[in-house]
Amino acid sequence: MRALLTAAALAASLLATPSSAGDLTKGRTDLPELFLGAEDNDYAVPVKDIEMEAGKSYRLRITAKGQKEYKFFASEFFRGVWMNQIVINHLEVHMAGPPHHLEFDDQGTIAVEFVTVRAGEFPWSVQGLESRGMTGRFIVK
């Protein structure tokens, strides 16, 4: 009898509509902006490590300020979150999986909105510029 009740409760939770579960994207927290480069230093990264809590909603703005092309990789991190959307110039990208990388051919901002799912430390880097200090970590507790 107990096993039957447990199975019924599990089935009911799996069939619950998203509205009954609550919208985790509401009440998101803005993280410190991640700058890639600066006007006077193409390799400056003022904030390298960003801490979050698992199960919470966040918005991360990544801004290229230098004169280089920046290919931002955070593959493990992107696979460990539920991606709500990526916003570029008020245009939204919605996807069913993680992005491979974010590329900045010019200066500008990409906003990434997500819910953290998996705890851990996840490296990020700018491809080809790691030796110039363009690396950091996303730390999800």
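Biologist: Where is R118 placed?

Modeller: This is a predicted model, in which local features need pLDDT of at least 70 and side-chain atom pairs count only at pLDDT 80 or more, while totals for chains, interfaces and linings use all residues. Residues are numbered from 1 along each chain as its sequence is written, and side-chain values use heavy atoms, leaving out hydrogens and water. Helices (H or I, at least four residues) and strands (E, at least two) are DSSP runs numbered from the N terminus. On that numbering, R118 is in the loop between β9 (108-116) and β10.

Biologist: Which backbone oxygen does the side chain of R118 reach?

Modeller: R118 touches E76, G80 and V140, not counting residues up to four places away in sequence, where contact means heavy atoms within 4.5 Å. G80 is 38 residues from R118 in sequence, yet the C-alpha atoms are 5.2 Å apart. At 3.2 Å, the side chain of R118 reaches the backbone oxygen of E76.

Biologist: Is R118 buried, partly exposed or exposed?

Modeller: Buried means under 20% relative accessible area and exposed over 50%, with partly exposed in between (1.4 Å probe, protein chains only). The relative accessible area of R118 is 40%, and therefore R118 counts as partly exposed.

Biologist: In what order do the five strands of the open sheet lie?

Modeller: Two strands pair if DSSP finds at least two bridges between them. Six bridges join β10 (residues 120-126) to β11 (residues 135-140), and these strands run antiparallel. Pairing in the open sheet is mixed, and the order of its five strands is β3-β11-β10-β5-β8.

Biologist: With which residue does E121 form a salt bridge?

Modeller: A salt bridge is a side-chain nitrogen of Lys or Arg within 4 Å of a carboxyl oxygen of Asp or Glu. The closest N and O atoms of the E121 bridge are 2.7 Å apart, and the partner is R137. Because E121 lies in strand β10 and its partner in strand β11, the pair ties together parts that are 16 residues apart in sequence.

Biologist: Which residues do salt bridges that share partners join into one network?

Modeller: The side chains of E113 and R28 meet in a salt bridge at 3.2 Å, N to O; this pair links strand β9 to the loop between α2 (18-21) and β1 (29-30), 85 residues apart. D30 and R59 also meet through their side chains in a salt bridge, at 2.7 Å, N to O. Salt bridges that share partners make one network of R28, D30, R59, R61 and E113.

Terms used. A polar contact is a pair of N or O atoms within 3.5 Å; within protein, one must be able to donate a hydrogen and the other to accept it, and residues adjacent in sequence count only if both atoms are side-chain atoms.
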